[in-house]
Amino acid sequence: MSTRLLVSGTLINGAEVELDRDRSRYVGKVLRARVGDSLQLFNGEGPEWTATIAQISKTSVRLRVGECVEKQVESPLKIHLVQGISRGDRMDLVVQKAAELGVKRVTPVLTEYGVVKLDAQRAEKRREHWQKIANSACEQSGRTRLPLIDSPLPLKHWFGDKPASVGAELILQPRAREPLAAVPAPETKVCVLIGPEGGFSDTEYEDASVAGFRAVSLGPRVLRTESAAIATLAVLQALWGDFKS
C-alpha cells in the first residue's frame, strides 16, 4: 500500500505513534491494512517519514516511525490567495485546489457582492473546515508543509492589515487592460485577490488600487470564481513557480 497520513507532534526514528480514532478507522476499516504494511507520515513541518503498522485493534492503530525522507515538493514561489468567499462547494473546491497547486496561505474575505454571511462562531467553524480540506489535499498531493488558512474577515479590514514585502500584488478583474502574463516576475512572493460569484464592487477595486494592487486579466472570457482561482494559480506557477522546472 502507498498511503500518506498527516499526524500531529514530533516524528523520530524508532518512535511509535498512535493514530486518532478517525484515522485508525480509515486505516483499519477502509484501507484494510495489516500489521507490517508500510506508509508515509508527515506533520506539516517539512520532511516525510516512512512508517510501518505495528499494531491494529478495533479502535486504534499504532505505527512505528522509520527513516526521515527530505522531499523537494514545495514551490519556491510563495503565493498568498485572498479569496472572496463563495457559496457551498465552490469555496471548498478553491481551498482544495489551492493546496494542491502549492499556495502558502489562503485568506477568505467577505465582500460587498458576496452572498455568504458569517458571524464569529460560524467563521471559525468554516476556517476549521477549510483547513481540514487543505490538510487532506496535502496528503493526496505529496506536499509536506500545510498552507495556512486564515479566519474569514471583511476585505476592507484585510486591506488595513495586509502583509508587507510582497513582490507582486494583483487583483483579478475581467477585461483589465494588463494580462497576467505581462506582469514582471516577483522575487519570491505574490499576493492575488479573486472575487466571489458576483465579483468585486467598484469601491473594492478602488481600495485595492490605493493599496497598491494591479488589475490583471486572464483573457477575454469571464470565468466562474472557482475556475478563476484554479486558472490563476496554475498560471502563476507556470510563469514564476515550479511548473516550469
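Is serine 75 buried or exposed? I looked it up, and serine 75 is buried, with a relative accessible area of 6%. Buried means under 20% relative accessible area, exposed means over 50%, and partly exposed lies in between (1.4 Å probe, protein chains only).

**Ground rules**

I am working with a predicted model, where local features need pLDDT of at least 70, side-chain atom pairs count only at pLDDT 80 or more, and totals for chains, interfaces and linings use all residues. Residues are numbered from 1 along each chain as its sequence is written, and side-chain values use heavy atoms, leaving out hydrogens and water.

**Entry: serine 75**

I placed serine 75 in the loop between strand S5 (61–69) and strand S6 (78–84). Helices (H or I, at least four residues) and strands (E, at least two) are DSSP runs, numbered from the N terminus. Next I checked the neighbours of serine 75. Leaving aside residues up to four places away in sequence, serine 75 touches Lys104, Gln237, Gly241 and Asp242. Contact here means heavy atoms within 4.5 Å. The side chains of serine 75 and glutamine 237 are also joined by a polar contact of 2.9 Å. A polar contact is a pair of N or O atoms within 3.5 Å; within protein, one must be able to donate a hydrogen and the other to accept it, and residues adjacent in sequence count only if both atoms are side-chain atoms.

**Entry: helix H5**

Which residues of helix H5 (residues 202–210) are buried? I found Glu204, Tyr205 and Ala208. They cover an arc of only 100° around the axis, so they sit on the same side of H5. The arc is taken from the directions from the helix axis to the C-beta atoms. I then turned to the face away from the buried side of H5, which carries the exposed residues Asp202, Glu206 and Val210. The buried residues of H5 pack against helix H4 (155–161) and strand S10 (168–172). After H5 comes glycine 212, with a positive phi near 100°.

**Entry: helix H1**

I looked at the start of helix H1 (residues 21–30). There, a side-chain oxygen of aspartate 20 reaches to within 3.3 Å of the backbone nitrogen of aspartate 22. Arginine 32 follows H1, and its phi is positive, near 55°.

**Entry: the whole protein**

I noted 6 helices and 12 strands. The protein has 245 residues, and 44% of them count as buried. Its C-alpha atoms fill a box of roughly 60 × 40 × 30 Å, taken along the principal axes.
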